[in-house]
Amino acid sequence: MTFFDPKSINICDSSQNRKKRKKAYEYVKKLSAMKRLVSYTPQLVLVLIWTYTGFDKLIRFGASRNAFHNQTFPAELAEILAFAIPITELLLALLLLFSVTRWWGYMGSILLLTVFLTYVGLIWVGAFPRVPCNCAGILESLGWAEHFIINVVCIGVAVWGLKNLKFEN
């Protein structure tokens, strides 16, 4: 009959075990922080873009309104858009800030960016007789190809954010 022999158990050094566990915990903690940062990147990018463009149009409202009236659509629509676009951009930034409304913020961003992309694409291919731009700040100096690329990238960022949101839930 074999009896239990405590000396036969191979016991690891407990301080060494603690060091390994602590190191593993710190690694997982860093990984978690990086993952969280990456998952918030699309949200942060879109909030910054919408806040910048919305406030720029409101701060320079007179110039923005004139630029909308210089577009190829009717004056009544231009007047509505002069108010609606900056308010919508700021609303999207606000929706993206809260987890409860973030899905709507991403969907609204994709929708608005798709409208912008379509409009820029039509201008780029020469569908309109004049090519005015009502973009904010530094975006005014870009060509239509660059506008198109920026809109495609921003749509990609919004889709990325929407996918991250799906995986979080």
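I began with Gln43, which is buried at a relative accessible area of 9%; I take buried as under 20% relative accessible area, exposed as over 50% and partly exposed as in between, with a 1.4 Å probe and protein chains only. The model is predicted, so I note that local features need pLDDT of at least 70 and side-chain atom pairs pLDDT 80 or more, while totals for chains, interfaces and linings use all residues. Residues are numbered from 1 along each chain as its sequence is written, and side-chain values use heavy atoms, with hydrogens and water left out.

**Entry on Gln43**

I located Gln43 in helix α1, residues 14–59. Helices here are DSSP runs of H or I with at least four residues, strands are runs of E with at least two, and both are numbered from the N terminus. Which residues does Gln43 touch, leaving aside those up to four places away in sequence? I found Leu96, Leu97, Arg102 and Tyr106, where contact means heavy atoms within 4.5 Å.

**Entry on α3 and α4**

I then looked up the pair formed by α3 (residues 75–97) and α4, whose axes come within 7 Å and cross at roughly 145°. The axes are lines fitted to C-alpha atoms, for helices over the stretch in contact, and angles run from 0 to 180 degrees between N-to-C directions. On the α3 side I listed Ile85, Thr88, Glu89, Leu92, Leu95, Leu96 and Leu97. The α4 side comprises Arg102, Trp104, Gly105, Tyr106, Gly108, Ser109, Leu112 and Phe116.

**Entry on α2**

In helix α2 (residues 61–69) I recorded Ser64, Ala67 and Phe68 as the buried residues. They lie on the same side of α2, because they cover an arc of only 100° around the axis; the arc is that of the directions from the helix axis to the C-beta atoms.

**Entry on Gly143**

I placed Gly143 in the loop between α4 (102–124) and α5 (144–168). Is Gly143 buried or partly exposed? Gly143 counts as partly exposed, because its relative accessibility is 28%. I noted 8.9 Å between the C-alpha atoms of Gly143 and Trp124, which are 19 residues apart along the chain.

**Entry on the whole chain**

Buried residues make up 30% of the 169 residues. Of the contacts with a separation of 6 or more, 71% come from residues 24 or more positions apart.
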